[in-house]
Amino acid sequence: MRLLFAGTRGEIEARTERHSMHSSLVVSRGGGRVMVDCGADWLGRLGELGAEAVVITHAHPDHAWGLKEGAPCPVYATEASWALMEGYPIEERRTVEPRRPFRVAGLLFEAFPVEHSTRAPAVGYRISAGGASIFYVPDVVYIHGRREALSGAVLYAGDGATVTRSLVRRRGEALIGHAPIRTQLTWCQKEGVRRAVFTHCGTEIVAGDEERVEEEVRRLGRERGVEASLARDGMEVEIP
């Protein structure tokens with residue numbers, strides 16, 4: 001299983017060569033390629049990645065608006081996301097049910113509900129192939145069923161909106177926003193995940209001193225026994 005971090009920028013104004021495109025992960029195995037999330041930056045460019053399917057975590061602009069003009073392949077999304085993408089001219093629609101695994105291009109996906117937004121409910125995906133699993137969740141406050149989501153995962157690809165500062169807010173009984181990298185690394189520590197990569201990078205990373213920030217991320221990881229790093233556009237990771 002090979003991971004391509006095709007885009008790593010969150011919904012922010014800042015943009016650099018390392019973080020130019022909205023966050024998107026392309027997962028491939030053999031000849032199959034699946035794109036996870038297709039934000040507004042990808043509008044009209046979906047064909048460049050050669051994906052045979054698109055899987056959506058949630059329907060915010062930086063995750064789904066690249067599909068506003070349709071898609072040349074099947075698109076997988078939850079019922080809540082389809083409700084927000086109702087007017088998109090997508091012919092091959094597949095509905096994802098949380099905690100019900102499905103196969104695409106030789107890869108096994110399982111959606112886990114996460115807290116992030118009440119207007120655009122989100123999921124993270126456990127993605128498995130050849131006996132190895134990763135967990136991808138570019139926007140997250142809290143993972144429901146976290147132990148099952150991360151159990152045995154060789155890599156956690158998470159939300160890089162902020163390193164230590166909490167962007168979590170409460171809306172009624174719900175939590176919205178973004179858990180800091182420090183908190184997500186603690187989740188990895190508790191669930192035995194030894195490697196973490198952070199995408200969907202926020203202003204602190206994209207517009208700041210990225211070298212200094214990455215060293216801080218590595219340090220936070222070492223304190224928890226996790227090899228931690230930041231993703232950049234075009235970065236590839238091989239999952240053995």
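Arg 18 is partly exposed, its relative accessible area being 34%, where buried denotes under 20% relative accessible area, exposed over 50%, and partly exposed the range in between, with a 1.4 Å probe and protein chains only. The side chain of Arg 18 meets that of Glu 210 in a salt bridge with an N to O distance of 3.2 Å, a salt bridge being a side-chain nitrogen of Lys or Arg within 4 Å of a carboxyl oxygen of Asp or Glu. This pair links distant parts of the chain, since Glu 210 lies in helix α6 (residues 210–223) and Arg 18 in the loop between β1 and β2, 192 residues apart; helices (H or I, at least four residues) and strands (E, at least two) are DSSP runs numbered from the N terminus. Glu 210, with a relative accessible area of 12%, is buried.

The model is predicted, and local features require pLDDT of at least 70 while side-chain atom pairs count only at pLDDT 80 or more, whereas totals for chains, interfaces and linings use all residues. Residues are numbered from 1 along each chain as its sequence is written, and side-chain values use heavy atoms, with hydrogens and water left out.

His 19 is placed in the loop between β1 (2–7) and β2 (24–29), and counts as buried because its relative accessibility is 0%. The side chains of His 19 and Thr 8 are joined by a polar contact of 2.7 Å, that is, a pair of N or O atoms within 3.5 Å, of which, within protein, one must be able to donate a hydrogen and the other to accept it, residues adjacent in sequence counting only if both atoms are side-chain atoms. When residues up to four places away in sequence are not counted, the contacts of His 19 (heavy atoms within 4.5 Å) include Thr 8, Arg 9, Cys 201, Glu 210 and Asp 233.

Under the salt-bridge criterion the count comes to 16. One of these joins Glu 236 to Arg 2, with the closest N and O atoms 4.0 Å apart; this pair also links distant parts of the chain, Glu 236 being in strand β17 (residues 235–238) and Arg 2 in strand β1, 234 residues apart. Arg 2 counts as partly exposed, at 35% relative accessibility.

Within helix α6, Glu 223 and Arg 219 lie four residues apart, about one turn of the helix, and their side chains meet in a salt bridge of 2.3 Å, N to O. Arg 219 is partly exposed, with a relative accessible area of 31%, and a network of salt bridges links Glu 216, Arg 219, Glu 223 and Arg 224.
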